[in-house]
Amino acid sequence: MMANLFVYTFYRFKDINNIDRYKNIFDNYLLNKDIKGTILIANEGINGSLSGPKKSLDEFIILMKSYLNIRKLNLKINHTQFHPFNKMKVRLKKEIVSLGQGHIDVNKLRGKLIEPEEWDDIISNQHTKIIDVRNKFEIDIGKFARSINPKTNKFREFPGKFKKMKIKKEDKIALYCTGGIRCEKVSALLKKEGYKNIFQLKGGIINYLKFKNKKTEESKWMGECFVFDDRVSINKKLSKGKYLQCYGCRRPITKNDTKSIYYRKGVSCPYCINERTIEQFKRSQTRQDQIDLAESTNIPNPFRRIY
């Protein structure tokens, strides 16, 4: 029997003052609710991913919009069989998505938002430069055909990687990412730097897949989409995908990867065995030992999956 749980992913770029006040309000409200996930609050806006019963999530969204005086919210809703987050956190940040380029007026500068039903036509144009704004490990498991991989390990690397692409300021550029928020920052940055023809997939890959499922149209998406929670990836039907996760480096891995001599549960995988330090391996092993002990004695722990 499927649990009646949902994942709400949302963001809104908006000038927010007194962010400490809103953190306290949301912390207190969520304290005893059956809601888990992360909310980031910065002077530039709010960004969150939450899981819980629909009624509880709806009530929180109404409260949040009221306090922040928000009407429109970029919100995506998916069903889930379990809480993909371990706990509830409200954090204060300099940016709700970290590009490291200082203040950018996203609402003023963002590129043209492309609805999912128009996206196939945009990327079918051979003259369009399609750029995947996500990181390497995300692109490895799914992408749109002909898209350019910037080969970033972190989002903050994107501006430097983009400059090496030698894209002209008159070129038609189509950007996409998981839920749309990274494209918002990148499109605004590129517009600020003089690039004229910037298009971005509204609501990202998740919104595109949701549209294709409703219309039962053939999707141009290839593979699965990495998500930053315990589902690891979602497939074209928006259900939990086939990938597992290395909890050492957080990369998506396959069942076959777990058979590697370099795989140690919660510690390492074939992709990070030569990247992490001995101290990092030790910390991961200590954490995994604590989880294993808690599981063997049936003691609740923050990493236990909750249905």
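Colleague: Where in the chain does Asp 257 lie?

Modeller: In this predicted model, Asp 257 belongs to the loop that runs between β15 (252-253) and α9 (278-296).

Colleague: Is Asp 257 buried or exposed, and how should I read the value?

Modeller: The general idea is a cut-off, since a residue is called buried when its relative accessible area is under 20%. Asp 257 has a relative accessibility of 11% and therefore counts as buried.

Colleague: With which residues is Asp 257 in contact, once its neighbours within four places in sequence are left aside?

Modeller: Those residues are Tyr 263, Pro 270 and Tyr 271. A separation between C-alpha atoms can be read alongside such contacts: Cys 246 is 11 residues from Asp 257 along the chain, and their C-alpha atoms are 9.5 Å apart.

Colleague: Turning to charged pairs, how many salt bridges does the count come to?

Modeller: The general idea is a distance rule, in which a side-chain nitrogen of Lys or Arg has to be within 4 Å of a carboxyl oxygen of Asp or Glu. The count by this rule is 14 salt bridges. One of the salt bridges is formed by the side chains of Glu 115 and Lys 202, with an N to O distance of 3.1 Å. Glu 115 sits in the loop between β6 (112-114) and α4 (116-124), while Lys 202 sits in the loop between β10 (197-201) and α8 (204-215), so this pair ties together parts that are 87 residues apart in sequence. Glu 115 is partly exposed at a relative accessible area of 28%, and Lys 202 is also partly exposed, at 33%.

Colleague: Which parts does the pair of Asp 120 and Lys 212 tie together?

Modeller: The side chains of Asp 120 and Lys 212 meet at 2.7 Å, N to O, in a salt bridge. Asp 120 is in helix α4 and Lys 212 in helix α8, so the pair connects parts separated by 92 residues in sequence. Both Asp 120 and Lys 212 are buried.

Modeller: A further salt bridge joins the side chains of Glu 138 and Arg 182 at 2.9 Å, N to O. Glu 138 lies in helix α5 (residues 136-139) and Arg 182 in helix α7 (residues 181-192), so parts 44 residues apart in sequence are tied together by this pair. Glu 138 and Arg 182 are both buried. Salt bridges can also form a network, as they do in linking Glu 44, Glu 95 and Lys 185.

Colleague: Why is β10 described as largely enclosed by the rest of the structure?

Modeller: Four of the five residues of β10 are buried, so the rest of the structure largely encloses this strand. As for its pairing, β10 runs parallel to β6, to which three bridges join it, and Ile 114 stands opposite Leu 201 of β10. Strand β9 (residues 172-176) is likewise parallel to β10 and joined to it by four bridges, with Asn 197 in β10 as the bridge partner of Lys 172. From β9 the chain crosses through α7 to β10, in a β-α-β crossover that is right-handed.

Colleague: How many cavities of 30 Å³ or more does a search of the whole structure find?

Modeller: The general idea is that rolling a probe the size of a water molecule over the atoms shows where empty space is left. Here the search finds one cavity of 30 Å³ or more, and the volume of the largest cavity is about 30 Å³.

Colleague: Which residues line the largest cavity?

Modeller: The lining consists of Phe 158, Pro 159, Phe 162, Lys 163, Leu 189, Leu 190 and Glu 193. Both α6 (158-163) and α7 supply at least two residues of this lining, and α6 gives the most, with four residues.

How values were computed:
Residues are numbered from 1 along each chain as its sequence is written. This is a predicted model: local features need pLDDT of at least 70, side-chain atom pairs count only at pLDDT 80 or more; totals for chains, interfaces and linings use all residues. Side-chain values use heavy atoms; hydrogens and water are left out. Buried means under 20% relative accessible area, exposed over 50%, partly exposed in between (1.4 Å probe, protein chains only). Contact means heavy atoms within 4.5 Å. Two strands pair if DSSP finds at least two bridges between them. A crossover is right-handed if, with the strands pointing away from the viewer, the path from the first strand over the helix to the second runs clockwise. On a 1 Å grid over the protein atoms alone, a cavity is a set of points where a 1.4 Å probe fits but cannot get out, and a pocket is an open set with protein on both sides within 12 Å along at least five of seven lines; lining residues have an atom within 4 Å of a point. Grid points are joined across faces, edges and corners, and a volume is the space filled by probe spheres set on the points.
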